[in-house]
Amino acid sequence: MVTDLHHLLDLPPDTPGPTRRLAEQIGSVVRAATAGDTGTAWESALPCRRRPANRACLGRMIVLRPEPNAPIQWQCSGCDDAGVISNWADSIFDLRRRSLTVADTAHDLVIPNEVAAALRDLQLLDPDGERLVFRIRAHDDGAVLSGSDDDLEDLIGSVAAEANHEANPRRRRQLNAAFDALSGATATGR
Ligand SMILES: [Zn+2]
C-alpha cells in the first residue's frame, strides 16, 4: 500500500470512519518513524489495526525511515500488512529534531501497552514530549519508554496536568494509571 500523506491531511468532515482511522494510523506511523532512529528498522509499540478473521492482530508496527525525505516504510510484525508513506516531511506529524541537542543518559522503562496508548493520546504534549511517546518500542512484556530523567519528569507533569483537567471518567482513570506507572517506575530505580 502506497500512501501519499498529503491525501490524508485536512480530511473533510463527512469522511467515512475507515478512511479517518487509516489517516490516524498513518499519522502515528509517521510520528514513530520520525521520532525514532533513522536508517534502521525498529518495532514500535503502535498496535496493528487489522482484524484478520475478526480477531485483533496482535502485531506491532515495524517502521523504517531510510534517509531524510525518502518514503517511510512500515510493516506489521504479526500479519502481512505493509506499506510506504510519501510526502511526510515537514507535515504536522514530522517529529524530527530541528536542532542538535546533547543527549542525556536515557533510562528504559517497561510499561503496559495501555499506558503507552494513553501517552500517545495526550493532547497537550510539546514536540519533545511527542517524540518521547512515539519512539516507545514494542517489548514482550508491554512497551519500552526510553528517556532521560528530565524527559520523564516533564512527561509525568504533562500526564498529571491532563488528568486534572479531564472530564471523562474513563479517560481520567487511564491517565491516572499512566501517572502511577511512570512515577512508580522512576521512583523504584531501573
Ligand atoms: Zn497486523
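Ala 53 lies in the loop between strand 2 and strand 3, where strands (E, at least two residues) and helices (H or I, at least four residues) are DSSP runs numbered from the N terminus. Ala 53 has a positive phi of about 50 degrees although it is not a glycine, and it counts as exposed because it has 5 C-beta neighbours inside 10 Å; a residue is exposed with 12 or fewer other C-beta atoms within 10 Å of its own, buried with 20 or more, and partly exposed in between, the C-beta atoms being placed from the backbone. The model is a predicted one, in which local features need pLDDT of at least 70 and side-chain atom pairs count only at pLDDT 80 or more, while totals for chains, interfaces and linings use all residues. Residues are numbered from 1 along each chain as its sequence is written.

**Overall architecture**

- The protein has 5 helices and 8 strands, which follow one another along the sequence in the pattern β-α-β-β-β-β-β-α-α-β-β-α-α.
- The C-alpha trace spans about 45 × 40 × 30 Å along its principal axes, and 29% of the 190 residues count as buried.
- Of the contacts with a separation of 6 or more, 60% involve residues 24 or more positions apart, a contact being a pair of residues whose C-beta atoms, placed from the backbone, lie within 7 Å.

- The domain assignment gives domain 1 (2-86) and domain 2 (107-187), with bounds that come from an automatic or database assignment.
- The C-alpha centres of domain 1 and domain 2 lie 21 Å apart, and the contact takes 10 residues from domain 1 and 11 residues from domain 2.
- On the side of domain 1 that touches domain 2, helix 1 and strand 2 (42-47) each supply at least two residues.
- The residues on that side of domain 1 divide into 4 nonpolar, 3 polar and 3 charged, where Ala, Val, Leu, Ile, Met, Phe, Trp, Tyr, Cys and Pro count as nonpolar, Asp, Glu, Lys and Arg as charged, and the others, Gly among them, as polar.

- Helix 1 has 19 residues and reaches 27 Å from its first C-alpha to its last, close to the 27 Å expected at 1.5 Å a residue; the expected span is 1.5 Å times one less than the number of residues.
- The buried residues of helix 1 are Gln 25, Ile 26, Val 29, Val 30, Arg 31, Ala 32, Ala 33, Thr 34 and Ala 35, and they pack against strand 1 (2-4), strand 2, strand 3 (60-64), strand 4 (72-76), strand 5 and helix 3.
- Strand 2 and strand 3 pair in the antiparallel sense over 3 bridges, pairing being assigned if DSSP finds at least two bridges between two strands; Glu 43 has Ile 62 in strand 3 as its bridge partner.
- Strand 3 also pairs with strand 4 in the antiparallel sense, over 4 bridges, and here Leu 64 has Gln 73 as its bridge partner in strand 4.

**The loop between strand 5 and strand 6**

- Asn 87 is found in this loop, and its phi is near 60 degrees, a positive value in a residue other than glycine.
- Asn 87 is partly exposed, with 16 other C-beta atoms within 10 Å.
- Leu 95 is found in the loop between strand 5 (82-86) and strand 6, and counts as buried because it has 21 C-beta neighbours inside 10 Å.
- Leaving aside neighbours within four places in sequence, Leu 95 is in contact with Arg 31, Thr 34, Ala 35, Pro 127, Glu 130, Arg 131 and Phe 134.

- In helix 3 (residues 127-134), the buried residues are Arg 131, Leu 132, Val 133 and Phe 134; they pack against helix 1 (17-35), helix 2 (113-120), strand 8 (142-147) and helix 4 (149-165).
- Strand 6 (residues 107-111) pairs with strand 8 in the antiparallel sense over 5 bridges, with Asp 108 standing opposite Ser 146 in strand 8.
- Strand 7 (residues 137-139) runs antiparallel to strand 8 and is joined to it by 3 bridges; Arg 137 has Val 144 as its bridge partner in strand 8.
- Strand 7 and strand 8 form a hairpin, with 2 residues between them.

Terms used. Contact = placed C-beta atoms within 7 Å.
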